[in-house]
Amino acid sequence: MASARLDLDGNPIKPITICMIGAGGFIGSHLCEKLMNETPHKVFALDVYNDKIKHLLEPDTLPWAGRIQFHRLNIKHDSRLEGLIKIADLTINLAAICTPADYNTRPLDTIYSNFIDALPVVKYCSENNKRLIHFSTCEVYGKTIGSFLPKDSALRQDPAYYVLKEDESPCIFGSIEKQRWSYACAKQLIERLIYAEGAENGLEFTIVRPFNWIGPRMDFIPGIDGPSEGVPRVLACFSNNLLRGEPLKLVDGGQSQRTFVYIKDAIEAVLLMIENPARANGQIFNVGNPNNEVTVRQLAEMMSQVYSKVSGEAPLEKPTIDVSSKEFYGEGYDDSDKRIPDMTIINRQLGWNPKTSLWDLLESTLTYQHRTYAEAIKKVIAKPVAS
Ligand SMILES: NC(=O)c1ccc[n+]([C@@H]2O[C@H](COP(=O)([O-])OP(=O)(O)OC[C@H]3O[C@@H](n4cnc5c(N)ncnc54)[C@H](O)[C@@H]3O)[C@@H](O)[C@H]2O)c1
Ligand SMILES: O=C(O)[C@H]1O[C@H](OP(=O)(O)OP(=O)(O)OC[C@H]2O[C@@H](n3ccc(=O)[nH]c3=O)[C@H](O)[C@@H]2O)[C@H](O)[C@@H](O)[C@@H]1O
């Protein structure tokens, strides 16, 4: 018999049933894969799409067949939701509109998706005494305090002015006309509501604040497995440019900074939360890689080099092109300047640390992008345009 799997305190881990909402998305697909491959847990996978988890659902000879069950439903209006939460031990809510191109152009859908639609999930968990892991975002921090200092201020180099701490940092958004912040603001309010349910009604919750998790299956490639005019997050935008041999578009000079973490490292952190409730309940966790910081311009340059290595194609002579945010995203766009996660709480509670360097995670991700899309792109490009 295989030896029992133990939690961080040395206790055997009991198999549980998880109701995962938004399981068909980027993070959900990796989490389902991990749970099926490495644990005995059962998953009700809820989503409106299942393309990214099809390989886990069929055929029914898969080793985990019977442990994952797909339910095609929209949580906006489906009476099955409460029943599924009731028969599960834990609910994980990943469902959201979470692409910046939508925040300023579809602010109502963004606010409904990230706040209103999440309300019944919180309510059903609280009323039925079920544990909830809710996915928020690092965007709740908004801009850093340092971004308001004069450009030449030495304090900008002081971590006290830019490192983002769960229990100390303020949430700094732009004005209401800057509709970019509709997402961050909706996520902040649902975090506060969950926290209040914990304080007043004893809800057992964990809030996750991902910092730019990237990897295979993120978003879509416009015109291949998503709309031609769609604007995904930066990894997919730049992958699309590289696959088509076009320069990568740098919004407002590409000066914003991000820290990127490999999806497979981040999923390890989520599994620790799932299997160590005593250490994770009542906590808000930053999950990111503070060692992988780059400007968006540096990201573009590194992706061009890595893509050339994995595809065998020479890099473009002019790998990037500047574009204004108004042209790229439209009216009401704004940006987070810098995102360094403080790791104290996740280190202390779960002993988690990310492992993969930016170069290595880009190499495995762009190898996947090339293998998955290069042929399809070639066909689209070769097709004569109808006259
Ligand atoms: N990927 C990241 O780095 C990142 C960073 C910060 C926050 N997050 C948060 O993590 C969560 C998951 O992100 P992701 O990157 O996997 O996004 P994603 O868009 O790939 O996945 C979200 C999934 O939710 C589903 N969904 C949305 N509305 C639904 C509804 N009403 N009913 C049923 N299903 C619905 C979508 O179909 C999609 O499959 C989101 O809450 C997002 O805000 C992600
Ligand atoms: O991933 C996260 O942690 C969070 O941040 C993302 O926000 P952001 O990082 O701004 O989104 P990206 O689309 O990945 O853009 C990153 C940066 O690249 C820039 N960009 C994007 C696309 C492009 O083609 N060119 C370009 O310069 C953007 O302006 C921005 O400065 C999204 O809001 C969410 O997915 C999530 O909550």
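**View 1. Strand S4 beside strand S5.** In this predicted model, S4 and strand S5 (residues 131-135) run in the parallel sense, joined over four bridges. Two strands count as paired if DSSP finds at least two bridges between them; strands themselves are DSSP runs (E, at least two residues), and helices are DSSP runs too (H or I, at least four residues), numbered from the N terminus. Look for Asn93, which stands opposite His134 in S5.

**View 2. Strand S4 beside strand S1, and its two faces.** Strand S1 (residues 17-21) also pairs with S4 in the parallel sense, over four bridges. Here Ile18 has Leu90 of S4 as its bridge partner. S4 (residues 90-93) is covered on both faces: Leu90 and Ile92 are buried on one side, Thr91 and Asn93 on the other. Buried means under 20% relative accessible area, with exposed being over 50% and partly exposed in between (1.4 Å probe, protein chains only).

**View 3. Around ligand 1.** Of the 25 residues around ligand 1, the nearest are Phe26, Asp47, Asn74, Tyr183 and Trp213; a residue is near if one of its heavy atoms lies within 4 Å. On its own, ligand 1 exposes 820 Å², and the protein buries 89% of that (Shrake-Rupley method, 1.4 Å probe). Helix H1 (26-38) and helix H7 (182-201) each bring at least two residues to the shell.

**View 4. Around ligand 2.** This shell holds 26 residues, and Tyr103, Glu139, Tyr183, Asn212 and Asp335 come nearest to ligand 2. A polar side-chain atom of Arg339 lies 3.0 Å from an oxygen atom of ligand 2, and a backbone N or O atom of Cys98 also lies 3.0 Å from an oxygen atom of ligand 2. The protein covers 97% of the 710 Å² of accessible area that ligand 2 has by itself. Helix H4 (100-103), helix H8 (234-244), strand S9 (248-251) and helix H12 (325-329) each supply at least two residues of this shell.

**Reading the views.** Residues are numbered from 1 along each chain as its sequence is written, while chains are lettered from A and ligands numbered from 1 in the order in which they are written. Local features need pLDDT of at least 70, side-chain atom pairs count only at pLDDT 80 or more, and totals for chains, interfaces and linings use all residues, with side-chain values using heavy atoms and leaving out hydrogens and water.

Terms used. A polar contact is a pair of N or O atoms within 3.5 Å; within protein, one must be able to donate a hydrogen and the other to accept it, and residues adjacent in sequence count only if both atoms are side-chain atoms.
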